[in-house]
Amino acid sequence: MTSPRRCDTRRFSRREALLPVVVRAAGNKVEAGIRLDTADLSEGGAFLRSDLLFEVGETLNLEIPLASGETLLATGRVAWVTRGGGSTTPAGMGIAFERLSAPDRRRLAQSLRRLAQPPGRKSA
């Protein structure tokens, strides 16, 4: 049985991006986080590839590294999870950013624009 196709209701377009994001459950007193890789990223959220899945609705604190060397701090909510469907659909979680400062959102948007540029082209 195939799953119904979801309607894309995202406000921001996503870009393929492989970034090592450090994830912590909000409210967790443990200092250490879990490193998960993004598969895509936007100003509104990310898809994190992982066999370890948090619960839908759970709040996470994220540290997102940018190519500039900066690290963005965001709070997101697990919007959906997938256990994967073979080699074409990885297991992971869709994260919707709930708190991302305006300066960090601008830095993320700039970083995403750079990802979208053809190789060898410099940004203005």
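Me: What relative accessible area does arginine 24 have?
Reply: Arginine 24 is classed as partly exposed, a band between buried (under 20% relative accessible area) and exposed (over 50%), taken with a 1.4 Å probe and protein chains only. This is a predicted model, in which local features need pLDDT of at least 70, side-chain atom pairs count only at pLDDT 80 or more, and totals for chains, interfaces and linings use all residues. Residues are numbered from 1 along each chain as its sequence is written, and side-chain values use heavy atoms, with hydrogens and water left out. For arginine 24, the relative accessible area is 24%.

Me: Which residues make up the covered face of strand 2?
Reply: Helices (H or I, at least four residues) and strands (E, at least two) are DSSP runs, numbered from the N terminus, and strand 2 spans residues 20-25. In a regular strand the side chains alternate between the two faces of the sheet. In strand 2, Pro20, Val22 and Arg24 form the uncovered face. The covered face consists of Val21, Val23 and Ala25.

Me: Which residue in strand 5 stands opposite valine 22?
Reply: Two strands count as paired if DSSP finds at least two bridges between them; strand 2 is joined to strand 3 (residues 34-41) by four bridges in an antiparallel arrangement, and to strand 5 (residues 59-65) by four bridges, also antiparallel. On the strand 3 side, the residue opposite valine 22 is arginine 35. On the strand 5 side, the residue opposite valine 22 is glutamate 63.

Me: How many residues apart in sequence are the parts that arginine 24 and glutamate 63 tie together?
Reply: These two side chains form a salt bridge with an N to O distance of 2.7 Å, the term meaning a side-chain nitrogen of Lys or Arg within 4 Å of a carboxyl oxygen of Asp or Glu. Because arginine 24 belongs to strand 2 and glutamate 63 to strand 5, the pair links parts of the chain separated in sequence. Glutamate 63 is itself partly exposed, at 26% relative accessible area. The separation of the parts tied together by arginine 24 and glutamate 63 is 39 residues.

Me: Which residues are linked with Glu70 in a network of salt bridges?
Reply: The side chains of aspartate 104 and arginine 107 meet in a salt bridge, with N and O 2.4 Å apart; the two residues lie three apart in helix 1 (residues 102-116), and are therefore separated by about one helical turn. Aspartate 104 is buried at 10% relative accessible area, while arginine 107 is partly exposed at 27%. The partners of Glu70 in the network are Asp104 and Arg107.

Me: What angle lies between the planes of phenylalanine 47 and tryptophan 80?
Reply: The structure holds one aromatic pair, where rings of Phe, Tyr and Trp (its six-membered ring) pair if their centres lie within 6.5 Å, and planes under 30 degrees apart count as stacked, over 60 as edge-to-face and the rest as tilted. Phenylalanine 47 and tryptophan 80 form this pair, which is stacked, with centres 5.4 Å apart; phenylalanine 47 lies in strand 4 and tryptophan 80 in strand 6 (residues 71-82), so the pair ties together parts 33 residues apart in sequence. Phenylalanine 47 is buried at 7% relative accessible area, and tryptophan 80 is partly exposed at 24%. The angle between the planes of the two rings is 20°.

Me: Which residue has its backbone oxygen 2.7 Å from a polar atom of the side chain of serine 50?
Reply: Serine 50 sits in the loop between strand 4 (45-49) and strand 5, and is buried with a relative accessible area of 9%. Leaving aside residues up to four places away in sequence, serine 50 touches Leu36, Ala91, Gly92 and Met93, with contact meaning heavy atoms within 4.5 Å. The backbone oxygen lying 2.7 Å from the polar side-chain atom of serine 50 is that of leucine 52.

Me: What percentage of the residues of the protein count as buried?
Reply: The protein contains one helix and seven strands, which follow the pattern β-β-β-β-β-β-β-α along the sequence. Among contacts between residues at least 6 apart in sequence, 54% join residues at least 24 apart. Of the 124 residues of the protein, the buried share is 31%.

Terms used. Polar contact = N/O pair within 3.5 Å; in protein donor to acceptor, adjacent residues only side chain to side chain.
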